[in-house]
Amino acid sequence: MLEVRNLVFHPLDNGVEKSIIEDISFTVEDGEMLVITGPNGGGKSTMAKLLMGIEPLDSGHIIMDGIDITDYSIAQRANAGIGFAFQQPPRFKGMTVARFLSLAAGAQLSERVCCDLLSGVGLCAREYLNREVDGTLSGGEMKRLEIASVLAKPHKICIFDEPEAGIDLWSFSMLVKQFEELHANKRESLILISHQERIIQMADRIMVIKDGKIDAIGKREQVFPGLVGEDTGCVCRSKQHKA
Amino acid sequence: MADIDQVTQSVLAQIDSEGFKQEGAYNLRYNGYSLCHGNTEHIKIEKKKDKQGIDVYISGETKGEQVHIPVVVAVSGMTDEVYNDFYVEEGAEVVIVAGCGIHNSGCNDSRHDGIHTFHVGKNANVRYEEKHYGEGEGTGARILNPVTKIIMEENSVFTLDTAQIKGVDSTKRETEVIMGENTKLFVIEKLMTHDKQNAVSNMDIYLNGAGSSAQITSRSVAKGESGQVFHPRAIGNAPCHAHIQCDSIIMDQARVCSIPEIDANHVDAAIIHEAAIGRINNEQLIKLNTFGLSEEAAEAVIIENFLN
């Protein structure tokens with residue numbers, strides 16, 4: 001179980017302290033899927049980065065399975081069982097897809113395992129194994145590879161920051177299937193940041209972050225109806241779209 | 001079979017990635033003389049009579065054979081200048097694995113200047129691999145100054161794959177390629193310098209034949225207080241295509257200077273250059289941290305793959 005207690009993040013912006021995350025607390029149960037949504041610029045991605053240790057929090061605690069990991073480095077958190085998929089994954093000149101996935105898995109992966117991982121995210125495996133993770137891959141291909149990298153080894157908690165962004169419609173269906181399977185297995189807790197209704201509707205619980213604070217949190221059936229029609233900018237059936 | 005001592009064997013393991021064996025066509029130059037050599041039906045190696053070096057004759061019948069011609073300098077204070085000429089006949093397909101390693105455990109400088117000339121016949125396909133490496137606990141410098149000249153006849157293909165792995169204190173590389181009609185050149189240059197090392201690489205590619213094309217890729221990592229200067233130059237004298245790409249990672253207090261030059265003397269000469277120098281991307285480091293790799297391990301992985 002992940003417990004997040006009173007997270008605060010006030011970075012300096014041109015010497016002025018800014019309130020990005022303001023006293024956020026929540027928990028994620030084992031095997032639970034929590035979808036974080038909310039308007040752009042509300043602090044969702046920052047929240048995810050604080051959990052992974054990519055941004056340094058100003059105060060608060062992160063506790064995983066009873067162990068306080070607040071002071072852990074990124075690598076220590078990874079080794080403690082947190083996986084992270086970036087919204088905009090970086091590219092690596094000279095690194096092959098096969099090597100990238102092996103690094104993600106922490107062990108040399110066989111061609112067969114690499115193929116399974118790639119097929120799972122809609123990439124035709126044989127075409128990609130020896131390709132480089134560089135500018136020759138499209139944004140959508142990079143995103144799918146990013147998701148495959150998190151699935152390359154088991155974690156206690158996987159954090160996906162807008163996994164759907166940049167992915168075409170056909171691959172999106174495959175992606176949703178992947179998340180459904182992951183969720184059904186209940187082996188890993190999932191935190192997904194998303195604006196996509198299909199993903200939001202997969203959630204056990206939904207958390208809405210707005211202006212650095214929790215605007216709403218609760219079971220899907222409680223929170224979701226409130227999202228539809230609300231001006232959160234986070235779902236496709238907003239007032240504007242309806243009009 | 002000649003006896004090869006342990007120091008030489010370990011240097012050979014660094015510079016000959018295919019694995020040096022006293023089989024097929026080979027010549028091992030050790031401390032200024034030929035320690036062992038062998039010919040095959042299609043590839044003959046002859047010692048030069050007027051100066052240091054060898055002539056390598058590769059017949060047109062050669063298909064997929066390899067020639068291994070490593071050089072090891074294992075004495076301190078030696079200057080070894082050697083002239084190697086390669087005559088590749090029409091239609092031959094060959095892989096030439098060269099490379100030079102210096103083991104200097106003394107206080108005097110050790111230096112090897114390899115002057116290589118390739119005469120590449122029509123329709124021939126040559127892959128030339130060259131690795132440079134230095135080691136030894138001595139204070140004497142390890143210096144390598146290769147000169148490579150390649151003359152390509154029509155429809156020939158030449159791949160020049162050069163790498164300076166580590167331990168070379170000073171290097172000045174001079175490369176000149178004269179390209180005929182419909183020839184194709186691929187150059188992959190990889191270089192790493194550290195401590196107070198210095199590296200200069202000058203490359204002149206003359207695209208003289210119509211339909212000739214050249215792809216020059218240079219990747220380097222400069223660490224410590226080392227310095228690197230790259231000056232690849234593509235001169236288009238006919239309808240041709242050339243692309244020069246130089247990428248460098250700079251670290252610590254190193255200096256890198258990249259001067260790609262493109263020179264078109266024909267209206268249908270299409271030549272492009274790209275050059276970039278920058279530190280290791282922080283996002284790449286963070287991504288590898290999320291795989292559980294420490295800062296140091298992540299940095300090593302990025303460099304290893306960049307120079308892969």
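Reader: Which way do strands S11 and S14 of chain B run relative to each other, parallel or antiparallel?
Author: They run parallel: nine bridges join S11 (residues 125-135) of chain B to S14 (residues 157-166) of chain B. Keep in mind that this is a predicted model.

Reader: OK, noted. Who is the bridge partner of B:His132 in S14(B)?
Author: B:His132 is partnered with B:Gln164 there.

Reader: And over how many bridges does S14(B) pair with S16(B)?
Author: Eight bridges, again in the parallel sense, with S16(B) covering residues 184-193.

Reader: Switching to backbone angles. What's phi at B:Asn31?
Author: Near 50 degrees, which is a positive value in a residue other than glycine. B:Asn31 belongs to the loop between strand S1 (25-30) and strand S2 (33-38) of chain B.

Reader: Why does B:Asn31 count as partly exposed?
Author: Because B:Asn31 has 14 other C-beta atoms within 10 Å, and a residue would need 20 or more to be buried, or 12 or fewer to be exposed.

Reader: What about B:Asp252, what's its phi?
Author: B:Asp252 has a positive phi of about 50 degrees, and it is not a glycine. You'll find B:Asp252 in the loop between strand S20 (240-250) and strand S21 (255-258) of chain B.

Reader: Buried or exposed, B:Asp252?
Author: Exposed, because B:Asp252 has 12 other C-beta atoms within 10 Å and 12 or fewer is the cut-off for that class.

Reader: Now helices. At what angle do H2 and H3 of chain B pack?
Author: At about 120 degrees, with the axes of H2 (residues 282-289) and H3 (residues 295-306) of chain B 9 Å apart. The crossing of H2(B) and H3(B) is right-handed.

Reader: Which residues make that contact between H2(B) and H3(B)?
Author: From H2(B), B:Gln284, B:Leu285, B:Leu288 and B:Asn289; from H3(B), B:Glu295, B:Ala298, B:Glu299, B:Val301 and B:Ile302. That contact divides into five nonpolar, two polar and two charged residues.

Reader: Over to chain A. How far apart are the axes of H3(A) and H6(A)?
Author: They come within 8 Å and cross at roughly 35 degrees, H6 being residues 139-151 of chain A. The crossing of H3(A) and H6(A) is right-handed.

Reader: And which residues of H3(A) meet H6(A)?
Author: A:Val97, A:Phe100, A:Leu101 and A:Ala104 do, and on H6(A) they meet A:Leu145, A:Ala148 and A:Ser149. By class, the contact of H3(A) with H6(A) has six nonpolar residues, one polar and no charged.

Reader: How many residues of chain A are in contact with chain B?
Author: There are 18 from chain A, in contact with 19 residues of chain B. Helices H2 (74-80) and H3 (97-105) of chain A each supply at least two residues of the side of chain A that touches chain B. The largest share of that side, four residues, comes from H2(A).

Reader: What's the class make-up of the side of chain A that touches chain B?
Author: It has 13 nonpolar, three polar and two charged residues.

Reader: Next, strand S5 of chain A. Mostly covered or mostly open?
Author: Mostly covered: five of the five residues in S5(A), 33-37, are buried. A:Met33, A:Val35 and A:Thr37 point one way, A:Leu34 and A:Ile36 the other way, and all are buried. In a regular strand, side chains alternate between the two faces of the sheet.

Reader: Which strand does S5(A) pair with over four bridges in the parallel sense?
Author: S10(A), residues 189-193, is one partner; there, A:Leu34 has A:Ile191 as its bridge partner. Four bridges also join S5(A) to S11(A), residues 205-210, and these run parallel. In S11(A), A:Met207 stands opposite A:Ile36.

Reader: How many residues of H1(A) are buried?
Author: Nine of its nine, across residues 44-52 of chain A. Among them are A:Lys44 and A:Lys49. Just after H1(A), A:Gly53 takes a positive phi of about 85 degrees.

Reader: Last one: where is A:Asp71?
Author: In the loop between strand S7 (67-68) and H2 of chain A. A:Asp71 counts as exposed because it has 9 C-beta neighbours inside 10 Å. A:Asp71 and A:Phe86 are 15 residues apart in sequence and 21 Å apart in space, C-alpha to C-alpha.

Methods:
Residues are numbered from 1 along each chain as its sequence is written. Chains are lettered from A and ligands numbered from 1 in the order in which they are written. This is a predicted model: local features need pLDDT of at least 70, side-chain atom pairs count only at pLDDT 80 or more; totals for chains, interfaces and linings use all residues. Axes are lines fitted to C-alpha atoms, for helices over the stretch in contact, and angles run from 0 to 180 degrees between N-to-C directions. A crossing is left-handed if the near helix is turned anticlockwise from the far one by less than a right angle, and right-handed if clockwise. Two residues are in contact if their C-beta atoms, placed from the backbone, lie within 7 Å. Ala, Val, Leu, Ile, Met, Phe, Trp, Tyr, Cys and Pro count as nonpolar, Asp, Glu, Lys and Arg as charged, and the others, Gly among them, as polar. Two strands pair if DSSP finds at least two bridges between them.
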